[in-house]
Amino acid sequence: MPEGDSLHRAAQRLLPLVGQRLEVQSPNPRAQATGIAPRIDGRVLESVEAVGKNLLLTFEGGIVVRSHLRMTGRWRIEPRGKPRTGLPWLVLRGDELEGVLWNGPVLTLEKGRVRRLGQDVLAEDFDLDAAVARLRGAGDRWLGEALQDQRLVAGIGNMWMAEALWTIRVSPWVRVAEAGEDVLRDAVAAARRLMQESLATGRPGRDVYRRAGRPCLRCGTIVRSRGQGDANRTAYWCPDCQAGAGPPGE
Ligand SMILES: [Zn+2]
């Protein structure tokens with residue numbers, strides 16, 4: 001059972017990542033539903049410390065992530081890009097190494113630092129109408145960016161954003177203000193369904209995500225990628241079979 005000492009060993013293992021700007025992902029939908037990965041993606045990891053049975057990871061901007069391993073959680077350090085099967089809770093990708101959290105099970109932002117979150121997209125009593133109404137508040141932001149705003153709807157990261165919009169054949173570069181009600185509904189519903197399926201099957205959906213430069217699985221057109229929004233998260237889309245605008249300036 002992970003006790004204090006194993007937490008200290010975990011902190012030691014993650015030390016090489018301190019000082020680096022990390023790419024962060026939550027392949028596991030349960031972890032993704034915490035909304036944590038998008039909050040720390042692209043930020044510098046400033047410190048890692050074991051406090052009691054918790055591992056506290058402090059990121060640039062004063063964001064502190066608490067990881068409690070309980071019986072099952074494990075932090076491992078692996079070479080960057082090492083192929084793996086399964087859905088880790090968190091992948092902290094540095095220049096050469098990545099810290100990988102397996103089997104969570106407790107991952108939270110420290111109290112007092114969490115901005116109010118939207119509904120958890122995986123919640124059993126998820127209210128699609130309410131989520132769409134909130135999403136509508138994103139105004140003239142791009143749909144791909146707005147879907148990842150955890151204050152609007154919590155839990156969707158850039159992988160599920162890309163997959164959901166590819167599934168419903170809508171470009172991530174559509175402005176929310178210009179998107180029809182049905183588009184917003186379909187986008188959120190698709191993200192929820194794909195994440196539920198992934199949770200049930202253990203498989204990540206990978207029809208378009210990280211397939212830039214390769215043929216679209218539906219129409220054969222080359223998939224594109226480009227950073228989007230304030231956080232510059234990478235959007236992946238097919239310029240042919242996903243309806244709507246492309247990036248600005250095109
Ligand atoms: Zn296509």
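A residue is called buried here when its relative accessible area is under 20%. By that criterion six of the six residues of strand E3 (residues 54–59) are buried, so the strand is largely enclosed by the rest of the structure. The model is a predicted one.

**Strand E3 and its neighbours**

- Both faces of E3 are covered. Asn54, Leu56 and Thr58 are buried on one side, and Leu55, Leu57 and Phe59 are buried on the other.
- Strand E2 (residues 45–51) runs antiparallel to E3 and is joined to it by six bridges.
- Strand E4 (residues 63–68) is likewise antiparallel to E3, again with six bridges.
- Leu56 takes part in both pairings: Leu56 is the bridge partner of Glu49 in one, and its partner in E4 is Arg66.
- The hairpin of E3 and E4 has three residues between the strands, and Gly61 there takes a positive phi near 90°.

- Glu163 belongs to helix H6 (residues 158–167).
- Glu163 is buried yet has no salt bridge. The nearest side chain of opposite charge is that of Arg206, 5.7 Å away, whereas a salt bridge requires a nitrogen–oxygen distance within 4 Å.
- A polar atom of the Glu163 side chain lies 3.0 Å from the backbone nitrogen of Val208.

**Backbone geometry**

- Most residues other than glycine have a negative phi, and most peptide bonds are trans.
- Gly104 and Pro105 are joined by a cis peptide bond, with omega about -5°. Pro105 is placed in the loop between strand E7 (97–102) and strand E8 (106–109).
- Arg169 is not a glycine but has a positive phi of about 60°. Arg169 lies in the loop between H6 and helix H7 (181–201), and it counts as partly exposed at 44% relative accessibility.
- Arg210, which is not a glycine either, has a positive phi of about 60°. This residue is found in the loop between H7 and strand E11 (224–228); its relative accessible area of 36% makes Arg210 partly exposed.

**Salt bridges**

- Glu23 and Arg80 form a salt bridge through their side chains, at 3.1 Å from N to O. The pair links distant parts of the chain, 57 residues apart: Glu23 is in strand E1 (residues 23–25), and Arg80 is in the loop between strand E5 (74–79) and strand E6 (90–93).
- Arg84 forms a salt bridge with Glu78, and their closest N and O atoms are 3.0 Å apart. Arg84 is partly exposed at 25% relative accessibility, whereas Glu78 is buried at 10%.
- Glu98 is paired with Arg93 in a salt bridge whose closest N and O atoms are 2.7 Å apart. Both Glu98 and Arg93 are buried.

Terms used: Residues are numbered from 1 along each chain as its sequence is written. This is a predicted model: local features need pLDDT of at least 70, side-chain atom pairs count only at pLDDT 80 or more; totals for chains, interfaces and linings use all residues. Side-chain values use heavy atoms; hydrogens and water are left out. Buried means under 20% relative accessible area, exposed over 50%, partly exposed in between (1.4 Å probe, protein chains only). Helices (H or I, at least four residues) and strands (E, at least two) are DSSP runs, numbered from the N terminus. Two strands pair if DSSP finds at least two bridges between them. Lys and Arg count as positive and Asp and Glu as negative; His and the chain ends are not counted. A polar contact is a pair of N or O atoms within 3.5 Å; within protein, one must be able to donate a hydrogen and the other to accept it, and residues adjacent in sequence count only if both atoms are side-chain atoms.
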